[in-house]
Amino acid sequence: MGCRAFVRLAAALAIWPVLLFAAQSVETRAAEEAVTPVVVADFDYSDTSGEVTDQRAEHAARVKAFAGLLRERLAGVGKYKVLHLDCAKACSVGSMGADDLVAAAQNADAQLLIYGGIHKMSTLITWGSVQIVDVRQRQLLLNRLFSFRGDTDEAFRRAAKFISETLQDVAPKS
């Protein structure tokens with residue numbers, strides 16, 4: 001191998017890692033841009049079932065777990081980057097109001113805000129609502145009512161799974 005051929009080969013080999021790094025960097029940026037930043041607010045809860053047993057602690061834990069499961073499932077899909085809301089008090093529409101909740105989502109640099117509430121109507125029937133707001137466009141993308149049976153941890157887990165699957169089909173307008 002001549003000296004010139006060796007220099008060309010060395011130059012080609014030296015530039016290969018740079019080209020590879022640049023290509024990976026472009027792929028990484030494209031993947032990050034495809035991920036939608038989202039916040040999931042705490043869900044509000046009400047109980048008008050009239051049951052005698054005080055279940056406030058159990059219900060509070062289930063509602064907290066419900067929002068947590070939504071966050072986990074959305075983060076696991078890869079389409080969403082779940083961000084944290086920073087609020088002076090509870091981060092729910094019932095405790096802050098819609099305008100302040102949207103402002104908190106904007107402060108978190110989220111594109112989507114997911115919030116809602118759960119209402120225990122009877123021993124067997126629980127209603128829920130979930131809303132998704134495109135924070136940047138200030139546009140409601142989804143307002144969905146759902147119901148589920150049971151007042152157990154498993155019933156709340158199944159409802160969170162159903163809602164997280166429903167949310168997969170909602171995309172912000174570009």
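Helices (H or I, at least four residues) and strands (E, at least two) are taken as DSSP runs and numbered from the N terminus. The structure is a predicted model, in which local features need pLDDT of at least 70 and side-chain atom pairs count only at pLDDT 80 or more, while totals for chains, interfaces and linings use all residues. Residues are numbered from 1 along each chain as its sequence is written, and side-chain values use heavy atoms, with hydrogens and water left out.

The protein comprises five helices and six strands, arranged from the N terminus in the order α-β-β-α-β-α-α-β-β-β-α. Of its 174 residues, 36% are buried, where buried denotes under 20% relative accessible area (1.4 Å probe, protein chains only).

One disulfide was identified, a disulfide being a pair of cysteine sulfur atoms within 2.5 Å. The sulfur atoms of C87 and C91 lie 1.9 Å apart in this link, which is right-handed, with 125° about the S-S bond. Both C87 and C91 are buried.

The largest pocket holds about 210 Å³ of space. A pocket is an open set of points on a 1 Å grid over the protein atoms alone, where a 1.4 Å probe fits, with protein on both sides within 12 Å along at least five of seven lines; lining residues have an atom within 4 Å of a point. Grid points are joined across faces, edges and corners, and the volume is the space filled by probe spheres set on them. The lining numbers 14 residues, of which Y45, D47, Q55, R56 and H59 are closest to the centre of the pocket. Strand β2 (44-47) and helix α2 (56-77) each contribute at least two lining residues, and α2 provides the largest share, five residues.

How values were computed
Buried means under 20% relative accessible area, exposed over 50%, partly exposed in between (1.4 Å probe, protein chains only).
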